Amino acid sequence: MTAVGADFDNDGWPDIYVACDSTPSFLLKNNRDGTFTDIGLESGVALNEDGMEQAGMGLGIGDFNLDGNLDIFKTHFSDDTNVLYASDGKGNFEDVTIRSGLGVETRFTGWGAGIFDVDNDGLPDLFYVTGSVYPEIELKLPSYPFKTPRVIFRNLGAGKFEELIEQAGPGIAAPHASRGCAFGDFDNDGDIDVLVMNLNEPPSLLRNDVSGNGHWLKVKLIGVKSNRSAIGARVVARYGGKRQVQEVLSQSSFYSANDLRLHFGLGPAQKVDLDIRWPNGGTQTITGVAADRLVIIKEGSGIVKEEIFSGSLRPEAARQP
């Protein structure tokens, strides 16, 4: 149902993960010669920890446990758990769904998903949209409604999450039959917003109005020797004793494409060190980057521009007096 290209074994070559519906999912390892080998079963991401096939729908890719490796969050059908696979950075994954607290929710069919820091506390959270496939079932089985809420699992640290629905506001709790969702800071106020596609109704634009003192940093990469959009580039942000990896992805969630600007929630940290690996294999390290701004980094040149956002859809630097 969804495919994502990213480097899942830290060898510098992009692999492909495919979420499959009711069959084992694929992890296609890049053989570095234009071919791929499916290692999904032996790597631990083809089935759940019980060895069962699941109805793979959407995918979120990120580093929920801050170990510098890309983890996988995959949504599934109702009466089953969405699955969270933790990576060891060598192409091996462990199903940590139950121990992380995600097993409490099995009511909804999940679709688009993401791993992003909803509250800028420095710990990436999980978000997904839901909705049934068969509207006629609700008439016979009211416990399987067609329209259902969105779901946030807030990262508590130490590999644990708590579910938020009503507590996250009406935009999350309101029932819809949703499918795709894309993540980005549309109003440039320093937090991640979500655009959700719904069946038979207009899309929902969920504006994040997070409060608190958490800092953040956005990173926009411009390739020179690599592709200009820097698709496939990897950034490791080091802040406050933590380390988080993100990659510039061309597609994820469920038939969706996110903002190409990488967003790092930083918590109390006000300075960030960035390690960048460009798609062509070149590397850069930039230290002491100030928080609460967008930095534009050009391959081979370092930071070429910084913008401090005003929260009014335009950066302060672009405002006219």
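**Note on the predicted model: loops, strands, cavity and pocket**

1. Ala158 is exposed, at 83% relative accessible area. Here buried means under 20% relative accessible area, exposed over 50%, and partly exposed in between, using a 1.4 Å probe and protein chains only. Ala158 sits in the loop between strand E11 (151-157) and strand E12 (160-164). Helices (H or I, at least four residues) and strands (E, at least two) are DSSP runs, numbered from the N terminus. The phi of Ala158 is positive, near 55°, although Ala158 is a residue other than glycine.

2. Ground rules. This is a predicted model: local features need pLDDT of at least 70, side-chain atom pairs count only at pLDDT 80 or more, and totals for chains, interfaces and linings use all residues. Residues are numbered from 1 along each chain as its sequence is written, and side-chain values use heavy atoms, with hydrogens and water left out.

3. Most residues other than glycine have a negative phi. Asn10 belongs to the loop between E1 and E2. Asn10 is partly exposed, with a relative accessible area of 31%.

4. 4 strands form an open sheet, ordered E1-E2-E3-E4, with antiparallel pairing. Strand E1 (2-6) and strand E4 (36-38) are at the edges with a single partner strand each, so one side of each has no neighbour in the sheet. From one strand to the next, the twist averages 20°. Axes are lines fitted to C-alpha atoms, for helices over the stretch in contact, and angles run from 0 to 180 degrees between N-to-C directions.

5. The E1 pairing can be checked directly. E1 and strand E2 (residues 15-19) are antiparallel over 5 bridges. Two strands pair if DSSP finds at least two bridges between them. Ala3 stands opposite Val18 in E2.

6. Strand E19 (residues 262-267) is mostly covered, with 6 of its 6 residues buried. In a regular strand the side chains alternate between the two faces of the sheet. On one side of E19, Leu262, Phe264 and Leu266 are buried; on the other, His263, Gly265 and Gly267 are buried too. Strand E16 (residues 215-222) runs antiparallel to E19, joined by 5 bridges. Across that pairing, Leu217 stands opposite Phe264 in E19.

7. Which side chain makes a polar contact with that of Lys218? Asp185, at 3.4 Å. A polar contact is a pair of N or O atoms within 3.5 Å; within protein, one must be able to donate a hydrogen and the other to accept it, and residues adjacent in sequence count only if both atoms are side-chain atoms. Lys218 is in strand E16. Lys218 is buried, at 2% relative accessible area. Leaving aside neighbours within four places in sequence, Lys218 is in contact (heavy atoms within 4.5 Å) with residues including Asp185, Asp191, Arg261, His263 and Arg293.

8. Glu105 counts as buried, at 2% relative accessibility. Its side chain makes a polar contact with the side chain of Arg107 at 2.7 Å. Beyond four places in sequence, Glu105 is in contact with Asp80, Thr81, Tyr128, Phe153, Glu163 and Ile165.

9. Cavity. On a 1 Å grid over the protein atoms alone, a cavity is a set of points where a 1.4 Å probe fits but cannot get out; a pocket is an open set with protein on both sides within 12 Å along at least five of seven lines; lining residues have an atom within 4 Å of a point. Grid points are joined across faces, edges and corners, and a volume is the space filled by probe spheres set on the points. The count is 1 cavity of 30 Å³ or more. The largest cavity holds about 430 Å³. Its lining has 30 residues, with Ile61, Ile115, Gln246, Asn258 and Leu262 nearest the centre. Strand E5 (59-62), E9, strand E13 (178-184), strand E18 (242-247) and E19 each give the lining at least two residues.

10. The largest pocket has a volume of about 430 Å³. It is lined by 21 residues; closest to its centre are Val118, Ile152, Ala168, Asn208 and Asp209. E11, helix H4 (170-173) and strand E14 (193-198) each supply at least two lining residues. H4 gives the most, with 3 residues.
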